Amino acid sequence: MFESLPARFRDYDLKADVRTLLLLRRSIERGLIKTLGDMYNVLRGIIVKDPEDMGPYTKAYYAYFLNIDIENGESLHDAIVRSETFRNWREDYLKRHPDLDIDLEELVNRFLDEVHLTTYDIKEIISGRELFDKNDADQPDDDGGNLQEAARKHLEKMADYSDIPLEELLERLEKIRDQQKTNHSGGSHWVGTGGISPYGHGGAARDGIRVGGTGGGKMARMVMGDRKYFPVDMDSIINDNNVDAALASLKGIIEESPYDKLDVDTTIKEGLKRGGLFLPEMKNVEDKKLQVILLIDNGGYSMDPYIITIRELFKKMKTRFAHDLETYYFHNTIYDRVFSDVRRSKPVFIDRFLKKDPNYKVFIIGDASMAPYELNKQSLRTYLKIKKKFKKTVWLNPEPKRYWHHTFTLNIIKQTIDMFPLTPKGIEEAVQEMNRRGNNY
Amino acid sequence: MADKTYWTGSDKYHCDKDLAQVFHISRTLGMPLLIEGEPGTGKTELPIQYARDLGLELFVYPVGSKSNVEQFVASFDHVKYLRDSQVEILNAQREEKGLASKLTTGGRQTENMSDYVVKGPAVNAFLSPNSVLLIDEIDKAPREFPNDLLYALSHRKFILPESGEEISVSEENMPAIVITSNREQELPTAFKGRCIYHYIHFPEADVMRDIIQKHFPQIENKIVDVALDVFYHLRNIGLERAPTTRELLNWLKYIKTYSTEEAIQKIENIEGVGTLIKTQGDLEKIQRHVLRDPDDFKRRSTPN
């Protein structure tokens, strides 16, 4: 059953496989899934492994179980309203409530309530209802009496429900799911109320309960409306949205935290002193200091859009890790000096610059595009010197990689210094390259 | 038989409905629950309060940068073992020389390897049925730690070092395992696959009100109104480190020592801001906000 589930969910870049199915099966076996809302919650616990999976998961769920496709950027409300599933449900619902006068918004709310109704909600309502009735025992009310009876009925039905053999239950779930796609023939087989909910088929009882927009429906709406719950495009130039992802990539250049290591020399020395009783002596391997130099091209209009984000990125890095970060600026290319201020009025000559600790990791950030004559021998020599001095030097280019081959100067520089696109993925690759080069002691 | 009932929080702890359900799911399936979310959203509190409320035994393993699976499961005390075996030789020599006084090994027997096994929280939790095991802040661990846990978590079995003793637990008696993470480092996919995952969303105002009520049942509604308004406003102005539940509760702890009028006055002027704001940059930003347009700020933070 549900054989197609893993593949369909993988289409949304979610991790679903045979294990997902096994866990789903186990959950049904243990009585965790009795309503469609339960299905949403349990599968979420199994499949979602990151807040960024929430958006794709909700989409996949609506597509798979309800046949409701949510387009990119579309709100859940709109997707539901234009779906056939909702049309069928509405027809059915209005048939059941002929004198109902509510607007579309409210109808969608009720639809969501039914979709996301969980066993927990039902139990809560029933226990709440019993409490209420006990307190109000002196005021017999016809309506309340009916409701109480209805609640009892639900409870019984739920108990009945767990007696159904697993295979049959699975089959039923699957069938109901398929029915969303075929033509609706009226009546009781809509997913939320008819089939897998503990209400059983039809009858007045199922209308005795309403959750009131507090459950998963609200969550699903929130998820669809918030970019936070969708994965960041790792290949787009860094901007406010993926600056945090870029930061995560940058973290890679931090060496592992301190750890204990067997100090062989001391162990032997101390052991000999004890007359051959060797006890392990540990030594703490120190964390290496992280030192970063940024060289940013802030001349020319082509770089303007990126500078603030770049500075933001590295500033965030500085607040998160206590270390050495120096920023210098240049215009188009570096000749004999860089500047320590944004307005390029305080020069730092390259000779002095090259006196710095060789352990600095150098990020040069620029589009490397200029008139061919600007990139002269002096400038190229400077790049070579920087590269020779600081082994861990990389170039990050905000220009999309597919345009790189058009620019002459860019290709010249690229041959000197390894160049990566200024995207979270590019930064990750740059960091890997830096680490690969090892330490230059 | 481990507790598999649906737990919805106690009078001390507001358990979000979503979290309560997923916690129940994980216990029913006998799988660890991995909780991620902003700091100060009550991740660690869940297992603690659950254990307290139901009177269950709680084992905690706080993860640090030097954590390893031996500390978590069990380690063998080589130094003690070495000492005791030397003591035995020494005692034999003393006996030979006719000396009566002996050195003691504290009841440990060198033949008995299990005397030297130091049990960690994981083994202790597995040995006491129906207990709760908290692995706190797993993202602080060295990269290999989560992977090392995989075997134990999926087989429900540990093998103790040297003694070779096997500690296993049935699925029925599996302790409720809760793992928390602040997402400072990405956890391995295989590890996450063995857990039921839950991401705690930041609570909305009505939930927050409930949380405050649980902590300070005596507090006046009016104070809570104003404080929540200021609090959510602060969260929305784009601070580097937005204040969280924990900070709000600390702030209210300070505020509530004053009379209602004084308290509201203090909230509006954001006094005791040190409890809410933790970086210099944010502090300056707020001062700028309040100073530049105090009326606007006041208007936002005063209930109608």
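Trainee: What distance separates the centres of domain 2 of chain B and domain 3 of chain B?
Mentor: This is a predicted model, in which local features need pLDDT of at least 70, side-chain atom pairs count only at pLDDT 80 or more, and totals for chains, interfaces and linings use all residues. Residues are numbered from 1 along each chain as its sequence is written, while chains are lettered from A and ligands numbered from 1 in the order in which they are written. Chain B is divided into domain 1 (17-73 + 120-200), domain 2 (76-114) and domain 3 (205-297), with bounds from an automatic or database domain assignment. Taken over C-alpha atoms, the centres of domains 2 and 3 of chain B are separated by 62 Å.

Trainee: How many helices and strands are there in chain B?
Mentor: Both are DSSP runs numbered from the N terminus: helices are H or I with at least four residues, and strands are E with at least two. On that basis, chain B holds 13 helices and nine strands.

Trainee: Which element gives the most to the side of chain B that touches chain A?
Mentor: Two residues are in contact if their C-beta atoms, placed from the backbone, lie within 7 Å; the contact takes 22 residues from chain B and 23 residues from chain A. The elements of chain B giving two or more residues to this side are α1 (17-29), α4 (78-96), α7 (189-193) and β9 (196-200). The most, seven residues, come from α1(B).

Trainee: Is B:Glu137 buried, partly exposed or exposed?
Mentor: B:Glu137 lies in the loop between β5 (132-136) and α6 (144-155) of chain B, and has a positive phi of about 55° although it is not a glycine. A residue is buried if 20 or more other C-beta atoms, placed from the backbone, lie within 10 Å of its own, exposed if 12 or fewer, and partly exposed in between. Because 19 other C-beta atoms lie within 10 Å, B:Glu137 is partly exposed.
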